[in-house]
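Student: I have a structure to look at and have never seen it before. Can you take me through some of it?

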Amino acid sequence: MTERTRVFTGSPWEPVVGYCRAIRVGDRVEVAGTTAMKEGEVIGAGSAYEQTKTILTTIEEALHQVGANLTDVVRTRMFVTDISKWEEIGKAHGEFFKDIQPVATMVEVRALIDPRLLVEIEAEAVVSGVGSC
């Protein structure tokens, strides 16, 4: 059986909903939907750009905890509450991924778990140099 390595970030929703921020199984890493919420506060409230940067930093930290890097990311999914902010979100995404260029999806959703949140991002990674799961 392949070992599972999990990352928890202390989100108040992790124990209630029963999930972890990231999980690595073999060479695959999945990062849960991540927002700009830190210790009950929204970082970058009102700014889709700042929230996206905060989210991608959190994702990068979670990847590092399971032995992966942003360069291992093969897909991102961005859920946004206002698609007209796509350029701000895309700019921040590009600052992290311009040389990596994973496949990416951005879709507008009606709402996120807190009305101050404008963006939620998931990521998938495949760690190079490791056998498949």
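Student: What do the side chains of Arg28 and Glu124 meet in?
Tutor: They meet in a salt bridge, at 3.2 Å from N to O. The term stands for a side-chain nitrogen of Lys or Arg within 4 Å of a carboxyl oxygen of Asp or Glu. Helices (H or I, at least four residues) and strands (E, at least two) are DSSP runs, numbered from the N terminus.

Student: Before I go on, where do the values come from?
Tutor: This is a predicted model, where local features need pLDDT of at least 70, side-chain atom pairs count only at pLDDT 80 or more, and totals for chains, interfaces and linings use all residues. Residues are numbered from 1 along each chain as its sequence is written, and side-chain values use heavy atoms, with hydrogens and water left out.

Student: Is Glu124 buried or exposed?
Tutor: Glu124 is buried, because its relative accessible area is 13%. Buried means under 20%, exposed over 50%, and partly exposed in between, with a 1.4 Å probe and protein chains only. Arg28 is partly exposed, at 28%.

Student: How many salt bridges does the structure hold?
Tutor: Seven. One of them joins Arg77 and Glu122, whose closest N and O atoms are 3.3 Å apart. That pair also links distant parts of the chain: Arg77 is in strand β6 and Glu122 in strand β8, 45 residues apart. Salt bridges that share partners join Arg28, Glu30, Arg77, Glu122 and Glu124 into one network.

Student: And Glu50 with Lys53, how many residues apart are they?
Tutor: They are three residues apart in helix α2 (residues 48-65), so about one helical turn separates them. Glu50 is partly exposed at 33% relative accessibility, and Lys53 is partly exposed at 26%.

Student: Back to the strands. Which way do β6 and β8 run?
Tutor: They run antiparallel, joined by seven bridges. Two strands pair if DSSP finds at least two bridges between them. Phe79 has Glu120 in β8 as its bridge partner.

Student: What about β6 and β7, in which sense do they pair?
Tutor: In the parallel sense, over six bridges, with β7 covering residues 103-108. Arg75 stands opposite Val103 in β7. With helix α3 (residues 86-97), β6 and β7 make a right-handed β-α-β unit. Right-handed means that, with the strands pointing away from the viewer, the path from the first strand over the helix to the second runs clockwise.

Student: Where is Thr76 found?
Tutor: In strand β6, residues 73-80. Thr76 is buried, because its relative accessible area is 1%. Not counting residues up to four places away in sequence, Thr76 touches several residues, including His93, Phe97, Val103 and Ile121; contact means heavy atoms within 4.5 Å.

Student: And Val127, where is that found?
Tutor: In the segment after β8 (119-126). Val127 is buried, with a relative accessible area of 7%. Leaving aside neighbours within four places in sequence, its contacts include Arg24, Val29 and Asp72.

Student: Last one: what lies over the face of Tyr49?
Tutor: Lys91, at 5.1 Å from the ring centre. A charge sits over a ring if NZ of Lys or CZ of Arg is within 6 Å of the ring centre and within 35 degrees of the ring normal.
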